There are 2 protein chains.
Amino acid sequence: MIPEKSPEFRFIDRVRRLAGQAPGVSLGIGDDAAAVTFESGRPAVVTSDMLLEGVHFQIPPATPHDVGRKSINVNLSDLAAMAALPRFAVVSVCLPRGRSIGDELMDGIIESASEFDVTIIGGDTNAWDGPLIVSVTAIGEAHAKGLVTRSGAKTGDWICVTGEFGGSLAGRHLSFTPRVREATFLHEAAALTAMLDVSDGLVADLFHILEESQCGAVLDAEAIPISEAARSLASDRTPLQRALGDGEDFELLFTLPADEGQRLLARSDLPVRVTRIGEIVAEAGCRLREEGSMTELPRLGWSHQIEPGR
Amino acid sequence: MIPEKSPEFRFIDRVRRLAGQAPGVSLGIGDDAAAVTFESGRPAVVTSDMLLEGVHFQIPPATPHDVGRKSINVNLSDLAAMAALPRFAVVSVCLPRGRSIGDELMDGIIESASEFDVTIIGGDTNAWDGPLIVSVTAIGEAHAKGLVTRSGAKTGDWICVTGEFGGSLAGRHLSFTPRVREATFLHEAAALTAMLDVSDGLVADLFHILEESQCGAVLDAEAIPISEAARSLASDRTPLQRALGDGEDFELLFTLPADEGQRLLARSDLPVRVTRIGEIVAEAGCRLREEGSMTELPRLGWSHQIEPGR
């Protein structure tokens, strides 16, 4: 007699069946560890993000399916920030007992992974009486042209962004598409000097580039692309303040030499809106140029506090 | 003016400083993702485990340092189960607000990682009002001789284990040393057909080999190495039952052809106690041979329930 499998093992079996085998996977789900190969010999690019119910999302308004998608997409957004190609993901979850959300969560995870040809190669499943936790590690492969780090910005470089900013809590923080393909396009189209994805907030994340590159920035207030959500949400902050500080936009923020920037913005085949929002300067810090005046910007951004309705 | 860094970034800075750079790390902590290379061209071996306060440990009796060590060691135990060489780890944590345990936790993480030349290449840091959560993904490199999976056991193979079993809750579940070096020794010394590390319980985990290898097992009751803790702990179960079912022993359970087993056990240079506890048979299921009688064993083992004092 072979004893009944526990719910945990049924869950793992389901992921195993859905995920299947894929190129580069020498050993998939079902052993103590998975094994993968990088045929190209290029570096493996690794990133990890943990999402916590009550901190990064609430169910409702988010559905377990939304959370599953987001748990993969935030990691793919980090790989996009390096212009890397997503390949594999490891998914560890802690499911709340008595709430049947595991299947829907996993559907969202598989859906987002499939959209970017990412294979789920393993993970860990737990259950408790607490909230839902999803911790994903994504593994990609460096682009043949190399990685785009945060540390290469130079004085005189343009600062550019994809898409629009602010008010992502109205829905975009759950429904965004990670800029994986856009990042590859940009990396192939121009000599990017630094790049990241905006999760903490446009200014907060720009500071990461400024510190790693040991430089400063001047942003043009009227150039910041402000989302419709940031304009229409009731708030004690202006739409511009929201765009600069809200976070979870998951757009790309990148720098490149001015001549490269001019050439890039002149292209008619850009897969996404690209906007020049300022330039890199030698003096440390970040200043906002607005109607002729300059304002020193603090490190704005959402910093891991629980926000109701998030 | 460069604004003050938040506690989260100070924590990341500390890991970055402690972890440093290491061979194979093209890009370490401090960017959107890390980048690593596998110079050997051998497969990357990936595993992940999430530890939850109240489920996998309690503070006290465990210290944050214990938890840090355990969070790395459970993953290294999984890599050992594949006879892989540990290389890198990604550590995501959620720290409970108002409890100063982050530094001590990180000391434990760094200590265990250092013992096995594992470099912390990244992670994610969060804070909330809930319990401590640590989710680690470890990445190793396959042994030149290949991986040892769960699926190669054959009828007639010996079933062997390292160390002793049972009663690990008395302390060993926190203080164990992952069998990384022992696994390499065994893989190089003999033609192992299947291997795993015992976390759920000796019988529960043996079932994984039996299912993946499509075979059964007969265990010899008097051969099971029972730990002193299993013998001395007050319990409504016998020491043998504890050894078969307790779990979290983090010893290796492996199979190999009988002649290979004989040769292995005859060696005088074994780095750890190795015991033959039974054999693989064609008939499915797992039976215990005890004083001439045979008992069918259920899938025993600890199955993710909260146990006070754990």
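Mentor: Helices here are DSSP runs of H or I with at least four residues, strands are E runs of at least two, and both are numbered from the N terminus. The model is predicted. Keep that in mind throughout.

Trainee: Are Glu248(A) and Phe250(A) buried or exposed?

Mentor: Count C-beta neighbours; the cut-off for buried is 20 or more within 10 Å. Glu248(A) has 22 inside 10 Å, so it counts as buried. Phe250(A) has 25 inside 10 Å, so it is buried too.

Trainee: Which form, cis or trans, does the peptide bond from Ile59(A) to Pro60(A) take?

Mentor: Most peptide bonds are trans. The bond from Ile59(A) to Pro60(A) is cis, with omega near -20°. The next one, from Pro60(A) to Pro61(A), is also cis, with omega near 10°. Pro60(A) is in the loop between β3 (44-52) and α2 (64-81) of chain A. Pro61(A) lies in that loop as well.

Trainee: On to α2(A). How many of its 18 residues are buried?

Mentor: Of the 18 residues, 17 are buried, so α2(A) is largely enclosed by the rest of the structure. At 1.5 Å a residue, α2(A) should span 26 Å, and its end C-alpha atoms are 26 Å apart, so the two agree. After α2(A) comes Ala83(A), with a positive phi near 60°.

Trainee: Which way do the residues of β3(B) point?

Mentor: In a regular strand the side chains alternate between the two faces of the sheet. In β3(B), Ala44(B), Val46(B), Ser48(B), Met50(B) and Leu52(B) point one way. Val45(B), Thr47(B), Asp49(B) and Leu51(B) point the other way. Strand β3 (residues 44-52) of chain B is mostly covered, with nine of its nine residues buried.

Trainee: What is the strand order in the open sheet?

Mentor: Strands pair through backbone hydrogen bonds, either parallel or antiparallel. Here six strands form an open sheet in the order β1(A)-β2(A)-β3(B)-β6(B)-β4(B)-β5(B), with mixed pairing. Its edge strands are β1 (25-27) of chain A and β5 (119-128) of chain B. From one strand to the next, the twist averages 20°.

Trainee: Over how many bridges do β2(A) and β3(B) pair?

Mentor: Three, in the antiparallel sense. Ala34(A) stands opposite Val46(B). On to β6 (residues 133-141) of chain B: nine bridges join it to β3(B), again antiparallel. There Thr47(B) faces Ala138(B). Within chain A, two antiparallel bridges pair β1(A) with β2(A). Val25(A) stands opposite Val36(A).

Trainee: What rotation superposes chain A on chain B?

Mentor: Two copies of a chain are related by a rotation about an axis and a shift along it. Here the rotation is 180° with 0.0 Å of shift, at an RMSD of 0.0 Å. That is the relation of a two-fold axis. As for the interface, 100% of the interface residues of chain A are also interface residues in chain B, so the copies meet through the same surface.

Methods
Residues numbered from 1 in each chain as written. Chains lettered and ligands numbered in written order. Predicted model: local features only at pLDDT ≥ 70, side-chain atom pairs only at ≥ 80, totals over all residues. Buried ≥ 20, exposed ≤ 12 C-beta atoms within 10 Å, placed from the backbone. Least-squares fit on C-alpha atoms with pLDDT ≥ 70 in both. Contact = placed C-beta atoms within 7 Å. Expected span 1.5 Å × (residues − 1). Pairing = 2+ DSSP bridges. Axes fitted to C-alpha atoms, helices over the stretch in contact; angles between N-to-C directions.
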